[in-house]
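The exercises below are to be worked with the sequence and the model side by side. Each task is followed by a solution in steps.

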Amino acid sequence: MIRANWRITIDEVVEELGISHERAQNIIHDILRYRKVSARWVPRQLTSTHQEQRMAVRLEHLVRYHKNGNDFLFRIVTEDETWVHHFTPESKAASMEWKHPSSPVRKNFKT
């Protein structure tokens, strides 16, 4: 049941199997060695396209700097990158999943 749905709760297991809450928890935690964990937040993930675009802009700036020197630097206007997305973020409780010690860690990327 856990392999079919990593987000299943102990209460759902109890209801479907008709066993006690303590017994279900004992089987899941002690026998199967699963733990309920939530995803970690990490900085936003750049796609290979984003990385290539950033590298192209950096190389273009480097070429212009070698061509024009400090005059080029005075013409650069910098701003903070702001990305606006409309979404409902997953709460920590909603992101919790059952993981076996050998399972990979799931990561959520910030937007």
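**Exercise 1. The nonpolar patch**

Which helix gives the most to the nonpolar patch? Note before starting that the model is a predicted one.

Solution. 
- Step 1. List the members of the patch. Met 55, Leu 59, Leu 62, Tyr 65, Leu 73 and Ile 76 form this nonpolar patch on the surface. Together they have about 530 Å² of accessible area.
- Step 2. Compare the members with the helix boundaries. Helix H3 covers residues 48-68 and, with four residues, gives the most to the patch.
- Step 3. Leu 73 lies in helix H4, which spans residues 70-74.
- Step 4. Classify Leu 73. Its relative accessibility is 41%, so Leu 73 counts as partly exposed, the class between 20% and 50%.

**Exercise 2. The overall arrangement**

Determine the order of the helices and strands and describe the contacts and surface of the chain.

Solution. 
- Step 1. Count the elements: the chain has four helices and four strands.
- Step 2. Read them from the N terminus; the order is α-α-β-β-α-α-β-β.
- Step 3. Consider burial and surface. The chain has 111 residues, of which 15% count as buried. Its accessible surface comes to about 9,300 Å², and carbon and sulfur atoms account for 53% of that.

**Exercise 3. The largest nonpolar core**

Solution. 
- Step 1. List the core. Its nine residues are Ile 2, Ile 8, Ile 10, Val 13, Val 14, Ala 24, Ile 28, Tyr 34 and Trp 98.
- Step 2. Assign the contributions. H1 and H2 each supply at least two residues of this core, and the largest share, three residues, comes from H1.
- Step 3. In soluble globular proteins, nonpolar side chains tend to be buried together.
- Step 4. Examine Val 14, which is in helix H1. Val 14 has a relative accessible area of 18% and is therefore buried, the limit being under 20%. Neighbours within four places in sequence aside, Val 14 is in contact with Ile 19, Ser 20, His 21 and Ala 24.
- Step 5. Examine Ala 24. Not counting residues up to four places away in sequence, Ala 24 touches Ile 10, Val 13, Val 14 and Ile 19.
- Step 6. Compare positions along the chain. Val 14 and Gln 25 are eleven residues apart, and their C-alpha atoms are separated by 9.0 Å.

**Exercise 4. A histidine and an arginine**

Is His 29 buried or exposed, and where is Arg 33 found?

Solution. 
- Step 1. Locate His 29 in helix H2.
- Step 2. Apply the accessibility class. At a relative accessible area of 18%, His 29 is buried.
- Step 3. Name its contacts. Leaving aside neighbours within four places in sequence, His 29 is in contact with Ile 10, Tyr 34, Arg 35 and Trp 98.
- Step 4. Locate Arg 33 in the loop between H2 and strand S1 (35-37). Arg 33 is partly exposed, with a relative accessible area of 46%.
- Step 5. Check the backbone. Phi of Arg 33 is near 60°, a positive value in a residue other than glycine.

**Exercise 5. The salt bridge**

With which residue does Glu 60 form a salt bridge?

Solution. 
- Step 1. Take the count, which comes to one salt bridge.
- Step 2. Identify the partner. Glu 60 pairs with Arg 64 in this salt bridge, and their closest N and O atoms are 2.9 Å apart.
- Step 3. Consider the spacing. Glu 60 and Arg 64 are four residues apart in helix H3, so about one helical turn separates them.
- Step 4. Classify both residues. Glu 60 counts as partly exposed at 40% relative accessibility, and Arg 64 counts as partly exposed at 40%.

Key:
Residues are numbered from 1 along each chain as its sequence is written. This is a predicted model: local features need pLDDT of at least 70, side-chain atom pairs count only at pLDDT 80 or more; totals for chains, interfaces and linings use all residues. Side-chain values use heavy atoms; hydrogens and water are left out. Patches are made of residues with over 30% relative accessible area and no salt bridge: like charges are joined within 9 Å, nonpolar side chains (Val, Leu, Ile, Met, Phe, Trp, Tyr) within 5 Å. Accessible areas come from the Shrake-Rupley method with a 1.4 Å probe; for residues, only the protein chains shown count as cover. A salt bridge is a side-chain nitrogen of Lys or Arg within 4 Å of a carboxyl oxygen of Asp or Glu. Buried means under 20% relative accessible area, exposed over 50%, partly exposed in between (1.4 Å probe, protein chains only). A nonpolar core is a set of buried Ala, Val, Leu, Ile, Met, Phe, Trp, Tyr and Cys residues joined through side-chain atoms within 4.5 Å. Contact means heavy atoms within 4.5 Å.
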